[in-house]
Amino acid sequence: MKRTSWIAGIAVVALSFGGGATTAAGWWNKPKPPAPGTVVPALPAGQANPMIATGVGIGANTPIYKTSGIGPSALNTGAPAGSEASYVDTAIFPGGTLPAGVTITEAQGINVLRRIGENLAAAGLSYADVYTMRVFLQNPSGATAADFAGWNRAYRQYFANTDLTTGAYVPVPLGTAPPAKPFVVNKSRPSRFALEIENLPVTGWLVEVEVDAAYPTR
């Protein structure tokens, strides 16, 4: 009787293992990890131009680059030092004058993203190599909340502005102007979070951004 029970127990174990074998087979059908030097974003299904990835997979042994927190440069010397307006990029907005509908957060966001592009280029990278981003926003003077909409318009000028179905760029609005070709056509859609915080470390800053980028295999 004891031997019979023991054999029955083995049979149960075998049946359990069979169920596990099915699971293992499913595991083998999963996508393979990215090759070294590559980044594979996980994107929301059914969207031709999603803003961000739900996550990213980075190839093993891929060298990566992490920026420090980067804010806008004080390029508008016609505005008082330390004011929000002093961080308007006059190469984009001559004289620091913002077109209709362009918010100060949007303008500072463009300034920051241009600085990030310069930072990446100095490291031998580009916007296309960015795989994750952390964004910190402060309320503009007199506002009760951070301007996420303005930030997102600035972001779309440099990231996530191509149709994944056709590969063509998707026009982006600048303030209330009709949508036009983005400043930088870029299909990269990093994973991202954006937070509203009480105070950024530099007086007048409304936007601070960190990015991580992966060196691709070239």
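Glu 84 is buried (under 20% relative accessible area, with a 1.4 Å probe and protein chains only) yet takes part in no salt bridge, and the nearest side chain of opposite charge, that of Arg 153, is 14 Å away. A salt bridge here is a side-chain nitrogen of Lys or Arg within 4 Å of a carboxyl oxygen of Asp or Glu, and in assigning charge Lys and Arg count as positive, Asp and Glu as negative, while His and the chain ends are not counted. This is a predicted model, in which local features need pLDDT of at least 70 and side-chain atom pairs count only at pLDDT 80 or more, whereas totals for chains, interfaces and linings use all residues. Residues are numbered from 1 along each chain as its sequence is written, and side-chain values use heavy atoms, with hydrogens and water left out.

Glu 84 lies in the loop between β3 (64–66) and α2, helices being DSSP runs of H or I with at least four residues and strands runs of E with at least two, numbered from the N terminus. Residues touched by Glu 84, leaving aside those up to four places away in sequence, include Ile 104, Gln 108 and Leu 206, where contact means heavy atoms within 4.5 Å.

Arg 153 is itself among the buried residues of α3. Because 7 of the 9 residues of helix α3 (residues 148–156) are buried, this helix is largely enclosed by the rest of the structure. Its buried residues pack against α2 (104–122), β4 (130–138), β5 (191–197) and β6 (207–214).

Definitions and conventions: Buried means under 20% relative accessible area, exposed over 50%, partly exposed in between (1.4 Å probe, protein chains only).
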